[in-house]
Structure formats: C-alpha cells, structure tokens
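Please examine the sequence and structure shown below.

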Amino acid sequence: MVNGRRIVAVVLLLVSAEASPGVSGQDLPRFAVASIKPSIDNEPGMAFRPMPDGAYSATKVTVLALVTSAFELSPDRVIGAPAQVERYDIEARYESRNPDAPFPPVTVLLQSLLHDRFGLVAHTEKRDFPVYILKLARADGRLGPRL
C-alpha cells in the first residue's frame with residue numbers, strides 16, 4: 001500500500017462482433033493491408049515481429065496477447081477480455097502517404113487493427129487492487145544471513 005491508497009490503472013475491454021460508431025480507434029493510423037488467419041499450429045509459443053519498414057508479423061498469437069501488446073499491459077490488468085484459446089497468424093504493412101513521415105508506434109497500429117478486425121471497444125479506468133511493497137526490515141539496510 002502506498003500512502004494508504006491502492007489504485008492501479010487498468011483497461012476494460014469488451015470484444016464485440018461489430019464495431020461501434022464513435023470509438024476512439026476510428027481516428028488512429030491503420031495498417032494499409034492486413035491478413036489475419038487462424039493459426040494451424042496451436043502449440044504453445046508466440047512470436048511478434050515488428051519491422052522498421054512498417055511491416056508487422058505475428059504467429060500463434062491470442063487476442064489477449066494482442067491486447068496486452070497494443071496497450072502495453074500485463075495480462076492481469078486486462079478486465080473483460082475474452083477467454084479465447086484460438087491463435088492467429090497476422091501479416092500486416094503500414095504505408096505512409098508521406099515518405100518522410102515517421103512510422104506511428106506499433107502499439108497504435110495494433111489498437112486500430114484490434115478495433116477494425118476484432119471489434120474491440122476499450123476504455124481505461126482506475127480500480128483498487130492489493131499492492132505489496134517490498135522493503136528492507138532492518139534499519140541498517142543489511143540483508144539477513146540467509147538471503
């Protein structure tokens with residue numbers, strides 16, 4: 001607990017079959033082309049490969065893994081994500097109309113991909129969670145003999 005408060009920011013996620021109008025994801029930069037296919041290999045293990053030329057590749061990823069990557073969260077901070085075990089292979093490319101403009105962050109592109117292709121609707125909120133702080137118990141700052 002920090003100063004008697006236990007507040008942690010989280011993202012609440014609802015995945016629906018169709019996108020809602022007015023969702024913030026509609027104004028985000030998008031991949032020019034994207035292919036999302038069910039993965040043939042459902043064995044454990046995933047791979048994310050963003051490339052500096054605007055290409056993005058991911059193999060055997062779950063929707064939850066895409067969400068945690070897009071919003072830079074740990075899975076325990078995602079509330080309401082679907083309990084899907086399906087895995088997907090993704091190939092996408094961002095193409096800018098201005099060749100001198102820098103590429104947008106991959107997280108922003110993934111957020112728009114999740115909104116467009118999976119119907120993701122998300123918002124952030126604050127919730128109380130138990131928080132544990134590790135601190136030294138000895139006043140002199142030394143560790144115990146068995147640590």
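Which side chain meets that of arginine 93 in a salt bridge? The partner is aspartate 53, at 3.7 Å from N to O; a salt bridge is a side-chain nitrogen of Lys or Arg within 4 Å of a carboxyl oxygen of Asp or Glu.

The model is predicted: local features need pLDDT of at least 70, side-chain atom pairs count only at pLDDT 80 or more, and totals for chains, interfaces and linings use all residues. Residues are numbered from 1 along each chain as its sequence is written, and side-chain values use heavy atoms, with hydrogens and water left out.

**Fold**

The protein contains 2 helices and 7 strands, taken as DSSP runs (helices H or I, at least four residues; strands E, at least two) numbered from the N terminus. An open sheet of 4 strands runs in the order S2-S6-S4-S3 with antiparallel pairing, where two strands pair if DSSP finds at least two bridges between them. Strands S2 (33-38) and S3 (47-50) form the edges, each pairing on one side only. Between S3 and S4 (residues 55-61) there are 4 bridges, and alanine 47 stands opposite threonine 59 in S4.

**Core**

The largest nonpolar core comprises 19 residues, and Phe31, Tyr56, Leu66, Ile90 and Leu114 have the most contacts inside it. Such a core is a set of buried Ala, Val, Leu, Ile, Met, Phe, Trp, Tyr and Cys residues joined through side-chain atoms within 4.5 Å; buried means under 20% relative accessible area, exposed over 50%, and partly exposed in between, with a 1.4 Å probe and protein chains only. S4, helix H1 (63-71), S6 and H2 each give two or more residues to this core, and H2 supplies the largest share, 5 residues. Across the protein, buried residues account for 30% of the 147 residues.

**Salt bridges**

The structure holds 5 salt bridges, including those tabulated here.

| Pair | N to O distance |
|---|---|
| Arginine 93 and aspartate 53 | 3.7 Å |
| Arginine 138 and aspartate 140 | 3.6 Å |
| Arginine 142 and aspartate 140 | 2.7 Å |

Arginine 93 lies in strand S6 and aspartate 53 in the loop between S3 and S4, 40 residues apart. Arginine 93 is partly exposed at a relative accessible area of 32%, as is aspartate 53 at 43%. Arg138, Asp140 and Arg142 are linked in a network of salt bridges.
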